[in-house]
Amino acid sequence: MKSVQKNIEKLRDELHLHSYNYYVLDSPVISDYDFDIKLRDLINLENKFPEFYDENSPTNRVGGAVIKNFNSIKHDFPMYSLDNSYSKEDLEIWNDRIFKNIGDGNLEFLCELKFDGVSINLTYENGKLIKAVTRGDGVQGDDVTENIKTIRTIPLKLKGSFPNKFQIRGEIVIEKKDFLEMNKKRLIEGLDPYMNPRNTASGSLKLQDSSEVSTRPLKCFLYQIVTYEENCKTQNDYLISALDWGFNISNTYKLCNNIEDVYKYINYWELRKNDLNYEIDGIVIKVNDINYQKELGFTSKYPRWSIAYKYKAEQISTKLLSVSYQVGRTGAITPVANLEPVLLGGTYVKRASLHNEDQINKFDLHINDLVSVEKGGEIIPKIVGVDLNKRDLNSKKIKFIENCPSCFKILSRNESESHHYCLNYYNCPPQITGRIQHFISRKALDINGLGKETIELLYKGGLISNYSDLYNLKRDDLMTLERMAEKSINNIFIGLEESKKIPFERVLFALGIRYVGQTVSKKLAKEFKSIDNLMTQKLDDLLLVDEIGDRISESIIDFFKIDQNIYIINKLKELGLQFEIMEKSTQKHNILSHNIFVISGIFKNHSRDELKNIIEDNGGKVSSSISSKTNFLLGGDNIGPSKLLKVNKLGIPIISENDLIGMTNSKL
Ligand code: AMP
Ligand code: ZN
C-alpha cells in the first residue's frame with residue numbers, strides 16, 4: 001500500500017513541476033500527450049485509492065466543486081487601495097514627503113506594472129495553497145479558493161525553501177488574445193460578447209461551478225508578499241524569492257535609484273504598454289526597503305510607501321469631416337462622425353460614434369473642427385473634446401437632421417427619449433431591410449446562406465418587401481443575383497424550411513417588436529403560449545407579467561395595431577412557422593428527463609441545434625459546462641481537451657450522435 005501512496009505523490013510532484021514549466025516558465029519539457037498520460041494515471045490511482053485524497057492535487061485543476069455562497073472572510077492584513085499620481089510633479093511631491101519622513105536614507109524604488117485585473121490574496125501554509133480570498137471592501141472578501149485552484153499559473157504546491165506561513169497578493173487577468181478568442185466563440189454561439197477582460201475575469205471568479213472556471217483563460221501575476229514575520233529586507237528580494245518558490249512574477253519590474261529613473265520606467269512603458277499581452281492601467285512605485293515601508297506605514301486608505309502612476313487614456317486630435325446618420329431597423333437615428341483617419345492605439349480611426357443630438361450639442365460641433373478622440377479598451381472611439389481655438393470662423397455648425405436620410409420623412413423625437421426616430425414604418429428602406437436582416441439573424445430564425453448584402457440586393461431588386469416574402473422566393477429569382485452560387489441557393493432553401501421548426505419564442509423575437517429582445521420573448525411565450533393569445537392582450541394584462549413594464553407593453557400593443565404586421569403574421573402561420581409553444585405534453589417522450597447533457601465537438605449528421613432539440617424534445621437538458629451533475633457528454637470529432645479531461649475525471653460517459661438517436665428513437 002505504501003508504494004501506491006508514494007507513486008501517487010511522485011506523480012503529483014511531477015505534474016506540479018510540468019505544469020509550472022508549461023504555464024509559468026512557458027517552456028514545457030514534456031509533450032502535452034505525455035502530460036495527459038501522467039494526469040490520467042493519477043486520476044485512475046486517485047479514483048482507486050480515495051484514502052490518499054489531496055485537495056491540492058493537480059487533478060483538482062479541472063474543478064468540480066460547486067459553491068452556492070462564497071463565505072466572507074476577514075483579511076489578516078487589510079487590502080488597501082493605492083494613491084494615484086498623474087504627473088512628474090505629483091511624484092516629486094510624493095518623493096519629497098518620503099524623504100522628509102525617513103531622513104536622508106538611501107532611498108530606492110521598485111517599479112512594477114499595474115496589472116488591470118482582479119486582486120486576490122493567497123494564503124500558503126507548509127508550501128500548500130490553503131485559501132484564496134478576493135479583495136472585497138479591503139477589510140473582508142469572498143473565499144474563492146476552489147475557483148482559484150483551477151488557475152494554472154497559481155502554484156498549489158511550492159518549490160524550494162519558503163516560510164511556513166505567508167500570504168501573497170496578485171492580480172488575475174485575461175490576456176488580450178484569449179479575450180478576443182472567447183468573444184469570437186461567443187459570437188459563433190450567438191451570445192453577446194463580453195465587455196472587457198477585467199470584468200470577465202472578475203465574473204469568472206464568482207462562478208458557482210469551478211469546472212466552468214477551469215475553462216476560462218485566467219492567469220495570475222503575483223506582486224506582493226505579506227508575512228507574519230519578516231523574511232526579506234526589500235521588495236526586490238521578496239520578488240526574487242517568490243519566483244524561486246514557483247510564483248508567476250512578471251519580469252517587467254525594475255529597481256530604480258531615484259525618482260528620475262522611475263520616470264524613465266514610466267516613459268518606457270507608456271510607449272510599449274499596447275504591445276503587452278495584457279492590459280495595465282498604470283505603474284506602481286514602491287519604496288524598496290521593508291524597514292522604510294514600516295516606518296512610513298499607512299493612511300486610512302493607502303500605504304504611504306507606494307503610489308500608482310496612471311497613464312492618461314490615449315487621445316489624439318483629428319479633423320471632423322462630416323456627420324452621417326444611420327437608420328436602424330426600429331427607425332432610431334444614430335449620428336456618426338467621419339474623421340480624417342488617424343492612428344490611435346495601433347489602429348486607424350475613421351469614425352466615432354456620436355450617440356445622439358445631445359452629444360453633438362454638448363461640444364457645439366462644427367464641420368472641420370479639430371476634435372480629440374479617445375479610445376478606451378475595445379470600445380468604439382468617442383469624441384471627448386474640441387479645440388475652439390482652431391475653429392475656422394466660417395465653419396458650419398452641425399445641425400441634427402430633421403428628415404430621414406433615407407426616406408426623407410420628418411423625424412420625431414419624444415421628450416423622454418434621447419434618439420430621433422423615423423416613423424415611416426412601411427416605406428423606409430433601411431427599416432425594411434433591417435427588419436428582414438433581424439428576422440434571419442442567428443439568434444432569431446438563423447437562416448443560413450442569406451446575408452445582409454443578399455437581403456439588400458433582393459429588396460432593391462423588388463423581390464422582397466417584408467420577411468414573409470422570403471418564403472416566396474424562387475430559385476430563378478436568386479439565380480439572377482450576382483455572386484450567388486448553386487450551393488448557397490440550396491442552403492437558403494434548406495434554411496427557410498428548417499426555420500419552420502424553430503420554436504415560438506424565437507419566432508416572436510424574430511418579428512422585431514421594439515424592446516422585445518430574447519429574454520422578453522421567452523417570457524411572453526411562456527406566459528401567453530401563442531401569438532393569437534398575445535395579440536388580444538390589453539395593456540393592463542401585459543403589465544401584469546413580471547418584468548414587463550410600460551415601454552415594452554406599449555410597444556407590443558403598437559406593433560399589433562399595424563395591419564401589415566397582422567397580415568405578415570398570418571402569412572407566416574400559413575407557411576407553417578411556429579406561433580404557439582409546444583407544451584410538454586406534445587413532447588415526443590420524456591425518455592431523457594433528469595438527464596443533463598453537454599455537447600462538444602463537430603458532428604457529421606446533425607447540427608448542434610438539432611441535437612439540442614432532440615435532447616430537449618425528449619425531456620433532457622443541455623448545459624454548457626461539465627460538472628458532477630452532467631450525465632452524458634455528447635461528443636463529435638475534436639472534443640475540447642479540457643472537456644475530455646473533465647469527463648474522464650468525473651467518469652461521465654461519452655456518447656455519439658447515433659447513440660443519442662438510439663436512446664430516443666428520434667427521427668429527424
Ligand atoms: P486601486 O484599485 O486603483 O486603488 O489600485 C490598487 C490595486 O491595484 C490593488 O488592489 C491591486 O489589485 C492592483 N495592482 C495591480 N498591480 C499591482 C502591483 N504591481 N502592485 C500593487 N497593486 C497592484
Ligand atoms: Zn426613414
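How far does a polar side-chain atom of S119 lie from an oxygen atom of ligand 1?

Reply: A polar side-chain atom of S119 lies 3.2 Å from an oxygen atom of ligand 1, which falls under the definition of a polar contact as a pair of N or O atoms within 3.5 Å (within protein, one must be able to donate a hydrogen and the other to accept it, and residues adjacent in sequence count only if both atoms are side-chain atoms). The model is predicted, so that local features need pLDDT of at least 70 and side-chain atom pairs count only at pLDDT 80 or more, while totals for chains, interfaces and linings use all residues. Side-chain values use heavy atoms, with hydrogens and water left out, residues are numbered from 1 along each chain as its sequence is written, and chains are lettered from A and ligands numbered from 1 in the order in which they are written.

An oxygen atom of ligand 1 is also found 2.5 Å from an N or O atom in the side chain of R135, and a polar backbone atom of L113 is 3.0 Å from a nitrogen atom of the ligand. Of the 490 Å² of accessible area that ligand 1 has on its own, the protein covers 85%, the areas coming from the Shrake-Rupley method with a 1.4 Å probe (for residues, only the protein chains shown count as cover).

The shell holds 13 residues, of which E112, S119, R135, E171 and Y223 come nearest; a residue is near a molecule or strand if one of its heavy atoms lies within 4 Å of it. By class, the shell divides into five nonpolar, two polar and six charged residues, where Ala, Val, Leu, Ile, Met, Phe, Trp, Tyr, Cys and Pro count as nonpolar, Asp, Glu, Lys and Arg as charged, and the others, Gly among them, as polar.

Two strands, β3 (109-115) and β10 (280-287), each supply at least two residues of this shell, and the largest share, four residues, comes from β3. Strands here are DSSP runs of E with at least two residues, and helices runs of H or I with at least four, numbered from the N terminus.

The protein chain contains 24 helices and 22 strands, and its C-alpha atoms fill a box of roughly 85 × 85 × 50 Å, taken along the principal axes.
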